[in-house]
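Here's a quick briefing on the pockets in this structure. Have a look at the model first, then read on.

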Amino acid sequence: MSDDILHEVREGGIAWTTFNRPQARNAMLFPMYQRIQELAEQISEDPSIRVWVLTGAGGKAFASGTDISQFREFKTADDALAYEARIDKVLGALENCNKPIIAAIAGACTGGGLGIAGCCDIRICDASARFGLPIAKTLGNILNMNNFARFYALVGPAAIAEMIMTSRLFSSAEAKHIGLVSEVLDTPDAVAARALELATSMSTLAPLTLKATKIALRRLRHAVGEVEGDDLVTMCFTSADFQEGVDAFLNKRAPQFQGK
């Protein structure tokens, strides 16, 4: 497990975490999600750390979402709700971390990977980066309401609707246009260098100002209130279509969705 998440603290109080499954496009295993949650909670309380950078190994993906093999045994509504609750705790820990977080993105940033990036404060990427939530094309599942609210606040309803309803991946230029990323660099190496430059600069700024900014933005998102959506999660995750999507993905064939 330790090899799947690499973590170090660099000079100047910069924490640097790398998703390290390049052979699987950095698809996230459940223990990896748990480790990110633990790091978020630790970093938030560590006065020696000023900025946190998240990135992916290999230059081909930031993170391509949850490893699909972990969905083989999903059968019930409880399975679906437990999964969404697990992911929500991870993303919530990132949101609640009081230190600024930079996502340094190269290549694919999709599904749960996009969820993680969306909870960072600044996102930069390389020209090859692609962003999306192609769940209507792959598994036939759905986001929970907290994740809809996160993306709604981040890029607005039109962009999130297009991402899901077309299942196409947005280019780096499109991501810049909708405000998903703030900068597009030429190469993965340039992204890493810029992330370090940004983190170094931010590490000298007033910590309380940065902390207060994060809290203020978090409060604004939460102000919309809680909206019920468990019925949507269970409808999709317990469907025959979801089982078909998982089987098709793992067997490298096109799924045949029936709306059942």
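A word on classes before we start: Ala, Val, Leu, Ile, Met, Phe, Trp, Tyr, Cys and Pro count as nonpolar, Asp, Glu, Lys and Arg count as charged, and the others, Gly among them, count as polar. With that in hand, the lining of the second largest pocket comes out as 11 nonpolar, 2 polar and 7 charged residues. Keep in mind that this is a predicted model.

**The largest pocket**

- Its volume is about 750 Å³.
- The lining of the largest pocket takes in 35 residues, and Ser64, Gly65, Ile68, Thr110 and Gly111 are the ones nearest the centre.
- Two or more lining residues come from each of α2 (77-96), β6 (108-110), α3 (112-118), α4 (145-155) and α10 (240-250).
- The top contributor to the largest pocket's lining is α2, which puts in 4 residues.
- Sorted by class, this lining holds 18 nonpolar, 13 polar and 4 charged residues.

**The second largest pocket**

- Here the space amounts to about 550 Å³.
- You'll find 20 residues lining the second largest pocket, with Gly118, Cys120, Asp121, Leu217 and Arg218 nearest its centre.
- For the second largest pocket, α8 gives the most to the lining, with 7 residues.

Note on methods. Residues numbered from 1 in each chain as written. Predicted model: local features only at pLDDT ≥ 70, side-chain atom pairs only at ≥ 80, totals over all residues. Heavy atoms only, no water. 1 Å grid on protein atoms, 1.4 Å probe; cavity = no way out; pocket = protein on both sides within 12 Å on 5 of 7 lines; lining within 4 Å. Points joined across faces, edges and corners; volume = space filled by probe spheres on them.
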